[in-house]
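Please read this briefing beside the sequence and the 3D view. The points after the lead are grouped by topic.

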Amino acid sequence: MSTLTARFAPLRARSNAYFAQHRSLGVLVAVITIGVALPLISRIPPFGDLQSMNAWVNAFTIAGIYALLAVGLNVVIGFAGLLDLGYAAFFALGGYTYAIVASPFFDIHLPFWPMLIVGALIGAMFGIFLGAPTLRLRGDYLAIVTLGFGEIVPIVLLNADPFTGGTNGLGGVDKPVIPGILEFTLINPWPFYVLMMVMIALVMTVVFRLQDSRIGRAWDAVREDELAAESSGVNTVISKLQAFAVGAAIAGFVGVFNAAKLTIVAPDQFKFVVSISAVAAVVLGGMGNPVGVAVGAFVIYLVQSIFLKQLNTLVDNFNIPVLQEIDFLEFQYVLYGIVLVLMMLKRPQGIFPAKRRIRIFKDTVGGAK
Amino acid sequence: MATATGTVRTERVRGQFFLPAVITGFLALMLGLLGFEQFLNAMTLGAIYALIALGYTMVYGIIELINFAHGDVFMVATFVSIAVSTTLLGQTGAVLDIPTLIISLIVLFTVTIVVMALVGALIERLAYRPLRNAPKLAPLITAIGVSFILQNIIQFFVGPYITNVPQLFSTQWAFTIGESRVPLLNLFVIGSALFLMVVLQLFISRTKTGRAMRTTAMDRDASSLMGVDINRTIMITFLIGSGLAGAAGVIHGLYYGNTTFTLGFQSGLKAFTAAVLGGIGNTAGAALGGFLIAFVEVGAAAFGFGRWGGAIVFSLLVVFLIFRPTGLLGSSTGDRA
């Protein structure tokens, strides 16, 4: 085994060097590989026995939504060091934007593809709208403002019935269509899956390129030491605003996909739990590492939606009264809680730590007092 | 908490008359706008928010942590109060015998406050103290984690339902002023909350421990050099803050007669808003903010915007943070915002 590893070491070093130079290509190769591998893995016994291939592909697609949300939130938390606790609001805005212009509610049916971009723009717009006044405040006040925003948006969606359908939300949202070639349906999960993979590749590429750009370096500087960054000529407010806008744009972008995939949007889908799950995924995966947080979110979703559910059915088969009463799904939030606390105490850098130093976690004496 | 001590004399004189005048004016205005019964409602709700807000503001004042779990400590307190009333006191409804009622209420308040104070201190010891020197983001995230754990412990043991709380203090007792009915319960609730606030204010301004808390809030390192035991002081802050949340929990139970495991999130958020509105770190401001938020909420409901109450409160928070991040009364911690 060790000789085998040794044999491939030069090759690995070369491929690593190559993909470090060509990250966008690396992302493409990785996404294609994963995209092909996942459905195959889902056929292997322990997974294959749980549910059908189509069900798995469907689950992967939804897990991808959460992965992208985590990647977007990671731009805000991991890159720029701002805590956003109302991230689901931007996700909601994207979804509602599409649902309003592509559902029987107003009987408007705009095409899906341009709306992806519009959703992202609307997200970014609200990000700037919320961020511009509040980003001047330091630190955890921002967390509270975003939390408040995250609360306001569902309340508004719930109460503005003439536009949002109130509690019921907007149903019958149009599915994407590639004219003359393909119509997306609820029965066939594959088109959505492929689209999701394309979106992941796109978002990942954008995020990596941003990280390597002047903007990304400014984020690093602002996160590590705002005062030093400012005195080195970084416009910290603009820089933070960019992070906020990019994060919100990704949420809006994914929100459009989410609305088309579920064909319904309702205020209940965008509660605080969604924001907090995204934060949990970012913390668990490793703040600042886009791949890490994506994997974190992917795994969290699969565990909660498939394995905990399966655990329920499994336990129901044994006739142990005490265990049967327990709904393991209810445990997911306790697990979030425990994970958040333990990760912060024991491994604050996450499972897949970012390569770049994040002082926020390593330097125990520094930081805000 | 670190109230301005060395202000110019003229300012102090102005402050002495200005603030009470504004408050009296505001209360009179609200009384006129809302009518007596809604006014009492708002005052009672305000008392609960104020008690919770005090815990937020004290903890933020001393370690600059938004103690996310604080709202859930309040929620747990409502359930502890159920346990105390039913199990310890064996009461499930109104106690009509006056001496028994007095003893029951004293036991109920004392036990709940003590239990919650210990819970709060335990949370501090396990989840926040290890991160004392870590940057802000880390304890904030553990606080969110603790909040989730508390909610789900209750959901697991009690279930996700709305649970009834025994209302030991009869809701029937009332007298009338002119046309309006004044329930004694409201007066009792407002009275006990104000009593606790006065005690807290005296404790902070007059005792040695209170002084230690104030100096720690001002400058932790310097007070450590002056011989203040920082860890002990912070723990006491958590004990007091959580104890007040315990009292708020009892009051909520007595007044509303029900509770559920998600209670803490919304109330906590509003109480935090109250703390920010009053000037975070400032105890008097937190109390003031609590009442203000309650008036906004009750007022919104009275004028037919009940469903928008939450949105209005949080919009107020955003507006306040933008234009006056130091809050109504301001404080020395405000400039760090």
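Chain B holds 12 helices and four strands, where helices (H or I, at least four residues) and strands (E, at least two) are DSSP runs numbered from the N terminus. This is a predicted model, in which local features need pLDDT of at least 70 and side-chain atom pairs count only at pLDDT 80 or more, while totals for chains, interfaces and linings use all residues. Residues are numbered from 1 along each chain as its sequence is written, and chains are lettered from A and ligands numbered from 1 in the order in which they are written.

**Overall form of chain B**
- The radius of gyration of chain B is 20 Å, which agrees with the value near 20 Å for a compact globule of 337 residues; the radius is taken over C-alpha atoms, and the globule rule is 2.2 Å times the number of residues to the power 0.38.
- Along its principal axes, the C-alpha trace of chain B spans about 55 × 45 × 40 Å.
- Of the 337 residues in chain B, 53% are buried, meaning that 20 or more other C-beta atoms, placed from the backbone, lie within 10 Å of the residue's own.

- Leaving aside neighbours within four places in sequence, A:Leu69 is in contact (C-beta atoms, placed from the backbone, within 7 Å) with residues including A:Tyr87, A:Phe91 and A:Val254.

**Strand pair in chain B**
- Strands β2 (residues 174–177) and β3 (residues 180–183) of chain B pair in the antiparallel sense over four bridges, pairing being assigned if DSSP finds at least two bridges between two strands.
- B:Ala174 has B:Pro183 in β3(B) as its bridge partner.
- The hairpin of β2(B) and β3(B) has two residues between the strands, and B:Gly178 there takes a positive phi near 60°.

**Helix α12 of chain A**
- In α12(A), 22 of the 27 residues are buried.
- Just after α12(A), A:Thr263 takes a positive phi of about 60°.

**Where the chains meet**
- Contacts join 37 residues of chain A with 38 residues of chain B.
- On the side of chain A that touches chain B, α7(A) supplies the largest share, 12 residues.

Definitions and conventions
A residue is buried if 20 or more other C-beta atoms lie within 10 Å of its own, exposed if 12 or fewer, and partly exposed in between; C-beta atoms are placed from the backbone. Two residues are in contact if their C-beta atoms, placed from the backbone, lie within 7 Å.
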